[in-house]
Amino acid sequence: MIEGPILAIETSCDETAAAVVEQRRVVSSVVASQAELHTPYGGVVPEVAARHHLGTVNAVVDDALAEAGLALADAAALAVTRSPGLIGALLVGVATAKALAYAARKPLVMVDHLHGHVCAVWLDPVALDPPFVSLVASGGHTRLDLVLDYEAPVLLGQTIDDAAGEAIDKGARTLGLPYPGGPALESLARGGDPAAFEFPVALSGREQADFSFAGVKTSLLYRVRDLGAEAEVRRADLAASYQEAIMRPLAERLVGAASRAEVPAVALGGGVAANGRLRALVEEHAAGAGLRVAAPALSLCTDNAAMIGAAAQFTPAIPWPEFVGEDAIPTAPTGGVAA
Ligand SMILES: Nc1ncnc2c1ncn2[C@@H]1O[C@H](COP(=O)(O)OP(=O)(O)OP(=O)(O)O)[C@@H](O)[C@H]1O
Ligand SMILES: [Mg+2]
């Protein structure tokens, strides 16, 4: 366990983030989102993301330290997201963290972004201790892990095609909503009937922990095409039914996996965990199974650096100056969440 404050940096996708975390306490957390920059393109443009991180990262780090009332010299260690993500974006964070750690003669922790999403519930005030089953549903990943200890979550299942967030974003686009689609789809769905349309739930009807969201996405496309002009009038119902077809299997398989593993709690993480309908469904199913539900604050679900500071406590620190040869890795190592 690293004693003292950790300065953590996250730049894997389109959020430039830095945080100071001391044990379970988030002392400061700054997130500069580039989402608006990518809106005209309907998705993240890797080159634009990397260039923007470059212009923003130093100011974001300074803000995180200032909010914590600390100087770089006060940090016990630095931590940075090493993988997975967009290579150009990751490189900005890794180069920045290496330079700062080198100059300040501090150890550096190279963190896996998904491990960060799992560890968000370790932080106060949730402060969840293992054992539990974790669902991380984000823009690029959807997976269930059995967490017996935070060092090495064990993969139970994952999506075999699209991530839940990807299906949300693409479905939102089909319904004419702007990028990023998650929050927009959720608010449109609030005025609709989740039972108005039936969308297929893939891989249902058996005990398993994998997911598939490619079919439901295509099904929405066909439904909108078949409805023609009526689709415009039924947008809220389409959004609510589509959201339901994604959130229901997430909630059911999370709770099913936890019951089979005989653990007392389930945890949520990743941007899709910000969804109110998913939270309600998980609460409902978990209550029936007698499980505790641990969900981080919304700001700790979407990308942030505080969760990277949390995962740093469960990842070996590399002493100064041995980390100078460390690199960013665009794809996650296969197997468990942690590298
Ligand atoms: N309220 C919401 N309802 C549903 N989905 C949401 C909501 N808020 C955000 N999302 C979705 O969360 C995703 C972003 O999550 P996150 O920032 O964790 O992903 P990422 O970092 O891009 O991907 P990864 O973590 O897999 O590398 C997007 O797909 C977005 O639409
Ligand atoms: Mg993420």
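Which residue follows H9, and is its phi positive or negative? Glu262 follows H9, and its phi is positive, near 55°.

Ground rules next. This is a predicted model: local features need pLDDT of at least 70, side-chain atom pairs count only at pLDDT 80 or more, and totals for chains, interfaces and linings use all residues. Residues are numbered from 1 along each chain as its sequence is written, while chains are lettered from A and ligands numbered from 1 in the order in which they are written.

**Helix H9**

I checked the length of H9 (residues 235-261). Helices here are DSSP runs of H or I with at least four residues, strands are runs of E with at least two, and both are numbered from the N terminus. H9 has 27 residues and reaches 39 Å from first C-alpha to last, close to the 39 Å expected at 1.5 Å a residue. The expected span is 1.5 Å times one less than the number of residues.

I then looked at H9 against H10 (residues 276-289): their axes come within 9 Å and cross at roughly 30°. Axes are lines fitted to C-alpha atoms, for helices over the stretch in contact, and angles run from 0 to 180 degrees between N-to-C directions. Residues of H9 including Met247, Leu250 and Leu254 meet a set in H10 that includes Leu278, Leu281 and His285. Contact means C-beta atoms, placed from the backbone, within 7 Å.

**Helix H7**

Which residues of H7 are buried? I found Val216, Lys217, Leu220 and Val224. Buried means 20 or more other C-beta atoms within 10 Å of a residue's own, exposed means 12 or fewer, and partly exposed lies in between; C-beta atoms are placed from the backbone. Seen down the axis of H7, the buried residues fall within an arc of 105°, so they line one face. The arc is taken over the directions from the helix axis to the C-beta atoms. They pack against H5 (164-174), H8 (230-233) and H9. Tyr222, Arg225 and Asp226 are exposed on the face turned away. Gly228 follows H7 with a positive phi, near 60°.

**The sheet**

I traced five strands in an open, mixed sheet, ordered S3-S2-S1-S4-S5. Strands pair if DSSP finds at least two bridges between them. S3 (25-33) and S5 (108-112) each have a single partner strand, so one side of each lacks a neighbour in the sheet. S1 (residues 6-10) and S4 (residues 77-83) run parallel, joined by four bridges. Ile6 has Ala77 as its bridge partner in S4.

Notes. Contact = placed C-beta atoms within 7 Å.
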